[in-house]
Amino acid sequence: MTDRYAVIGNPISHSKSPLIHAAFARQTHQSMQYDALLSPLDGFQTTVRHFQQQGGKGMNITVPFKMEAYQLATSLTERATNAQAVNTFKFDQQDIVGDNTDGAGLVRDIECNLGVTLTSKRILLMGAGGAARGVILPILLQHPSLLTIANRTPEKAHVLKHQFDAHGHLLARDYAELCNQRFDIIINATSASLNDTLPDLSPDLFEDVMLVYDMMYGSDLTRFLKYAQQHGAQRLSDGLGMLVEQAAESFFLWRGIRPETQPVISFLKSGL
Ligand code: ATR
């Protein structure tokens, strides 16, 4: 029987994960099926259990279920525990192993695909929601000289600073406190681009910044990346590479094989 996997979310029809995993499976000659599964907002647990009982081997979890997935897992990897969110399930008999591959995906995209090392850099991470939380420890493990977490609601940035303080040089700020500060890399982990809005950041922050990264992606530059470009950023990247890299990390967890990501990133870019 073909091993079955799925991405679960609501909405889900826009998800590129089935395309990505089908490409990985072809490339690595794995016999597997990967579908998109729409879960009712109040039926996440039932939908997961049903898929598991039908013989499903694993799942990716997307908006808005990553926190519920964290609660449902019967065991957690260290990176999922730190992120307090789960984007990957591996089913093992009745057990549900919860993992989080988002942070590893971001770090691999920046370091391996874009060739920018995070070590010794001054990094600004914007946002203090689930997306930001999941990438803090993976970034700190690369030993940046400083990681500043900035958020519209600064209290949330302070909570994250306290949680991860032991792992590196961390600061928490609100956006107004950033003026006159210099960063090498700026990463947008807010959901502002989803609503086509911009965080309230001083344009001076972007001047000569080595890399501005938006975790969102689309056929066009996101509004945030356009703003960074207009104000002097040296290099821009959206989150398409991160999407493919986090998928590759999940694929590795399930199949024990690391697929080549570059051809899949190029293929997706050509279709956007
Ligand atoms: P996600 O799981 O995508 O991180 P989330 O947990 O709801 O979603 O967090 C959304 C993040 O985007 C938060 O940091 C939010 O800031 P607040 O904590 O102040 O709400 C941030 N955000 C969303 N829209 C924003 C905007 N227009 N300007 C600045 N920050 C924004």
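Contact here means heavy atoms within 4.5 Å. The structure is a predicted model, in which local features need pLDDT of at least 70 and side-chain atom pairs count only at pLDDT 80 or more, while totals for chains, interfaces and linings use all residues. Residues are numbered from 1 along each chain as its sequence is written, and side-chain values use heavy atoms, with hydrogens and water left out.

With a relative accessibility of 10%, T222 counts as buried, where buried means under 20% relative accessible area, exposed over 50% and partly exposed in between (1.4 Å probe, protein chains only). Neighbours within four places in sequence aside, T222 is in contact with S193, D214, M216 and Y217.

Turning to the ligand, 14 residues surround it, and the closest are A131, N151, R152, T153 and K156; a residue is counted as near if one of its heavy atoms lies within 4 Å. This shell divides into four nonpolar, eight polar and two charged residues. In that grouping, Ala, Val, Leu, Ile, Met, Phe, Trp, Tyr, Cys and Pro count as nonpolar, Asp, Glu, Lys and Arg as charged, and the others, Gly among them, as polar. Polar contacts are pairs of N or O atoms within 3.5 Å; within protein, one atom must be able to donate a hydrogen and the other to accept it, and residues adjacent in sequence count only if both atoms are side-chain atoms. An oxygen atom of the ligand lies 2.5 Å from an N or O atom in the side chain of T153, and an oxygen atom of the ligand is 2.9 Å from a polar backbone atom of A128. A ligand nitrogen is 3.2 Å from an N or O atom in the side chain of T197. Of the 640 Å² of accessible area that the ligand has on its own, the protein covers 72% (Shrake-Rupley method, 1.4 Å probe; for residues, only the protein chains shown count as cover).

Most residues other than glycine have a negative phi, and most peptide bonds are trans. The peptide bond from N10 to P11, however, is cis, with omega near 5°, and the bond from V63 to P64 is cis with omega near 0°. N10 belongs to the loop between β1 (3–9) and α1 and is partly exposed at 23% relative accessible area. Its contacts beyond four places in sequence include L41, V63 and P64, and its side chain reaches the backbone oxygen of S39 at 2.9 Å. Positive phi values occur at N180, about 70°, and at D196, near 55°. N180 is exposed, with a relative accessible area of 78%, whereas D196 is partly exposed at 46%.

Finally, helix α10 (residues 262–271) has V264, I265 and L268 as its buried residues. Seen down the helix axis, these fall within an arc of 100°, so they line one face of α10; the arc is that of the directions from the helix axis to the C-beta atoms. The buried residues of α10 pack against α1 (17–28), α5 (102–113) and α9 (240–255), while the face turned away from the buried side carries the exposed residues K269 and S270.

Conventions: Helix = DSSP H or I, 4+ residues; strand = E, 2+ residues; numbered from the N terminus.
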